[in-house]
Amino acid sequence: MSNPDEALAGGRNLRNLSAAVQNSTTVYQRPKLKITDVRTAEIKAHGYQVHVRVYTDQGVFGHGEATDAAHGAVPLINVFKQFLIGQDPLNVDFLFENLRAFGVFAGAQGGQYVTALTGLEIALWDLAGKALGLPIYQLLGGKMRDRIRLYCDTATPTLGDPAAREGLQKVKDLGFTALKIDVDEQHSPWSWDTLRPLDWAPPLSPVKVNLSASNAEIDRMIKKVALVREAFDPRIDLAVDMHAQYDVSAAKRLAAEVEPFKLFFLEEPLPAENVQGLRDIRESTKTPIATGENLYLRHGFREIFEKHAVDIIQPDIQKCGGLLEARKISDMAHIYYVSVSPHCVVSPLGTMASCHVCAAIPNFLALEWHWLRNLQLWRNFVKEGDIIDKGYVAVTDRPGIGVEMNEEAARSAQVPGTPWFNSGDGK
Ligand code: MG
């Protein structure tokens with residue numbers, strides 16, 4: 001048995017060693033940062049996006065992006081800012097969870113509140129990666145794949161329009177292995193309803209308030225699917241979006257009739273909130289059913305999984321809660337053997353942020369890309385140029401998100417009259 005004094009001395013030495021390790025090795029040389037400011041910029045490209053930057057006392061800043069439900073996010077982010085000044089930005093989940101819990105009486109279950117929080121969360125992960133010198137995928141558990149498969153969201157094919165085939169040729173030329181078309185029509189010539197016309201002033205689009213569909217409307221949808229299916233090699237995946245504008249009956253009929261086309265998935269046949277209705281559709285067909293771009297947080301997806309309501313989920317990583325929340329939602333999906341095909345309409349910066357999640361999860365299927373009509377801006381939006389090569393994005397190993405906004409190109413899409421990261425020089 002050793003001398004008790006020696007044992008105690010050994011214990012002291014261990015404590016000294018531990019202190020030395022914590023003070024001198026790189027693992028414990030954790031950056032000590034404080035948040036000093038949070039600023040925003042607003043862009044209109046494919047839809048409306050709010051860009052968020054979180055600044056620190058050591059020069060490094062993080063950049064995030066939020067979309068779709070982002071109208072109204074800027075004032076919310078300015079409220080969050082009051083809580084964030086002086087905080088350690090590397091405690092990302094701690095800050096996120098506190099701001100979420102803080103807002104339960106103010107709409108923190110979804111919509112603008114969660115979307116604003118999402119832009120902030122992504123900026124914090126970018127900041128954490130830059131501060132630690134690691135790509136975000138490394139902070140999310142590591143990389144399962146090096147390249148992320150995209151599917152190209154195309155224009156709605158107009159039957160009889162010779163330009164429709166030209167648009168499809170463009171998708172082929174870009175080398176995508178999957179694409180998506182829209183089949184919903186707000187003002188179908190074959191709807192027998194006598195709804196009053198409603199002409200919103202731009203940029204608002206008409207909406208479909210009657211969710212039913214006549215046989216002729218269903219036939220038009222099938223013709224569109226057939227037109228596109230015939231234009232592509234059968235190995236190219238084809239998805240179809242119904243934009244949450246139909247009822248259970250219409251969706252069941254369409255899902256059954258498109259079965260011979262072996263769709264990649266049929267997206268949002270119903271409004272997002274009716275989980276049992278989605279399950280009814282899924283049980284009626286072999287066509288894979290997808291939903292999720294209008295759901296928020298793990299809480300919004302829980303019933304979808306518990307009721308086995310869909311085959312594929314489509315969280316929008318720029319509005320569902322952010323990168324770690326998307327990872328958590330994806331992990332929930334995985335235990336139900338549900339695949340993840342995130343909705344994505346944001347810039348190359350936000351798309352690369354999403355790619356870090358897609359790289360880290362096992363059950364990834366394909367990531368949306370929707371800038372076919374904004375190709376020039378897409379190719380110039382970040383300093384790294386076009387991040388897509390033949391329908392795939394190579395996940396960057398640079399710290400944080402790993403791409404940097406090209407301010408001159410991005411400002412060409414600035415929302416007029418809005419500040420540019422609060423510099424006070426809005427145009
Ligand atoms: Mg959609």
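First, some ground rules. Residues are numbered from 1 along each chain as its sequence is written, and side-chain values use heavy atoms, with hydrogens and water left out. Because the model is predicted, local features need pLDDT of at least 70 and side-chain atom pairs count only at pLDDT 80 or more, while totals for chains, interfaces and linings use all residues.

Let's start with A66. A66 sits in strand β3, residues 61–67. Helices (H or I, at least four residues) and strands (E, at least two) are DSSP runs, numbered from the N terminus. Is A66 buried or exposed? A66 is buried, because its relative accessible area is 1%. Buried means under 20% relative accessible area, exposed means over 50%, and partly exposed is in between, with a 1.4 Å probe and protein chains only.

Which residues does A66 touch? Leaving out residues up to four places away in sequence, A66 touches Y48, Q49, V50, T115, G119 and Q318. Contact means heavy atoms within 4.5 Å. Now look at C320. A66 and C320 are 254 residues apart in sequence, but 9.4 Å apart in space, C-alpha to C-alpha.

Next, T118. T118 is in helix α4. T118 is buried, with a relative accessible area of 0%. Again not counting residues up to four places away in sequence, T118 touches I317, Q318, K319, C320, G321 and G322.

On to helix α10, residues 297–306. Its buried residues are L297, F301, I304 and F305. Seen down the axis of α10, these buried residues fall within an arc of 95°, so they line one face of the helix. The arc is that of the directions from the helix axis to the C-beta atoms. What covers them? The cover includes α3 (92–102), α4 (111–132), α9 (275–284), β8 (289–291), β9 (312–313) and α11 (323–335). Just after α10, H308 takes a positive phi of about 50°.

Now the rings. Rings of Phe, Tyr and Trp (its six-membered ring) pair if their centres lie within 6.5 Å; planes under 30 degrees apart count as stacked, over 60 as edge-to-face, and the rest as tilted. How many aromatic pairs are there? The count comes to 13. One of them is F83 with F102, a tilted pair, 4.6 Å centre to centre, with 55° between the planes. F83 lies in helix α2 (residues 73–84) and F102 in helix α3, so the pair ties together parts that are 19 residues apart in sequence. F83 is partly exposed, at 38% relative accessible area. F102 is partly exposed too, at 47%. Elsewhere, F176, W369, W371, W378 and F381 form one aromatic cluster.

Charges meet rings as well. The charged end of R39 sits over the ring of Y55, 4.6 Å from its centre. K172 lies over the face of F232, 5.2 Å from the ring centre. The rule asks for NZ of Lys or CZ of Arg within 6 Å of the ring centre and within 35 degrees of the ring normal.

On a 1 Å grid over the protein atoms alone, a cavity is a set of points where a 1.4 Å probe fits but cannot get out; lining residues have an atom within 4 Å of a point. The structure holds one cavity of 30 Å³ or more. Its lining is L84, L95, F96, L99, L117, L120, E121 and L124. Helix α4 gives the largest share, four residues. Thank you.

Terms used:
On a 1 Å grid over the protein atoms alone, a cavity is a set of points where a 1.4 Å probe fits but cannot get out, and a pocket is an open set with protein on both sides within 12 Å along at least five of seven lines; lining residues have an atom within 4 Å of a point. Grid points are joined across faces, edges and corners, and a volume is the space filled by probe spheres set on the points.
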